Amino acid sequence: MRIEPLTLDDTSRCPCGSGDAHGACCGPLLAGARRAATAEALMRSRFTAHVVQDADHLLRTWHPSTSPSFRDLTRSVGDEMEWKRLLITETSGGGPFDDEGIVEFTAIARTPQGRRELRERSRFVREDGQWLYVSGELKNAPSRH
Ligand SMILES: [Zn+2]
């Protein structure tokens, strides 16, 4: 099944929670017009991609060694999680002059069963100037509140 990404107004607040307008934050990254300068920026754009169900962006920014198939991905992107909020809790490396980075975050979703919180420590590498998501280690089982 093909899921069409939602489109967001460039002037609306970016879903990643940066406080910036979407058009000055994750928008150009999702559109492929600009590359993420930092691992954190890539992480934010991947969260926004979940919000707008942009599976193409998720795959494009996933390291080929660990990326799922498009079909598996659209299944998980299209599930009943409604992603509400992203909190970046820690970053290490991942800067404009690094080739590796760690981003730890909490993502909050609403599901038909209630609120869920996902804490993950994600690893990123930069190849040919492009930050890529490699893997994530869950810090907790998604819990309900
Ligand atoms: Zn953003």
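Buried or exposed: which word describes Asp128, and what is its relative accessible area?

Mentor: Asp128 is exposed, its relative accessible area being 76%. The cut-offs are under 20% for buried and over 50% for exposed, with partly exposed in between, computed with a 1.4 Å probe on protein chains only. The model is predicted, so local features need a pLDDT of at least 70 and side-chain atom pairs count only at pLDDT 80 or more, while totals for chains, interfaces and linings use all residues. Residues are numbered from 1 along each chain as its sequence is written, and side-chain values use heavy atoms, with hydrogens and water left out.

Asp128 is placed in the loop between β3 and β4. Helices (H or I, at least four residues) and strands (E, at least two) are DSSP runs numbered from the N terminus. The backbone of Asp128 deserves attention: its phi is positive, about 50 degrees, although the residue is not a glycine. Most residues other than glycine have a negative phi.

Gln53 is found in the loop between α2 and α3 (55–60), and at 23% relative accessible area it is partly exposed. Thr61, in the loop between α3 and α4, is buried, with a relative accessibility of 1%. The C-alpha atom of Thr61 is separated by 7.9 Å from that of Leu42, and the two residues are 19 apart along the chain.

On a 1 Å grid over the protein atoms alone, a pocket is an open set of points with protein on both sides within 12 Å along at least five of seven lines, whereas a cavity is a set where a 1.4 Å probe fits but cannot get out; lining residues have an atom within 4 Å of a point. The volume of the largest pocket is about 410 Å³, a volume being the space filled by probe spheres set on the points, which are joined across faces, edges and corners. Of the 18 lining residues, His50, Trp62, Trp83, Leu118 and Glu120 lie nearest the centre. α2 gives the most to this lining, namely four residues.

Elsewhere there is a zinc ion, coordinated by the SG atoms of Cys14, Cys16, Cys25 and Cys26 at 2.2 to 2.4 Å. Donors are N, O and S atoms within 2.8 Å of the metal (3.2 Å for Na, K and Ca), and sites may look incomplete because water is not among the atoms. The angles among the four donor atoms are 102 to 114 degrees, and the site is tetrahedral; four donors count as such if all angles lie between 85 and 135 degrees. Cys14 and Cys26 both lie in the segment before α1 (27–30), so the pair ties together parts that are 12 residues apart in sequence. Cys14 is buried at 5% relative accessibility, and Cys26 is buried at 1%. Cys25 is buried as well, with a relative accessible area of 13%.

Terms used: Tetrahedral: all angles 85-135°; square planar, octahedral: opposite > 155°, others 65-115°.
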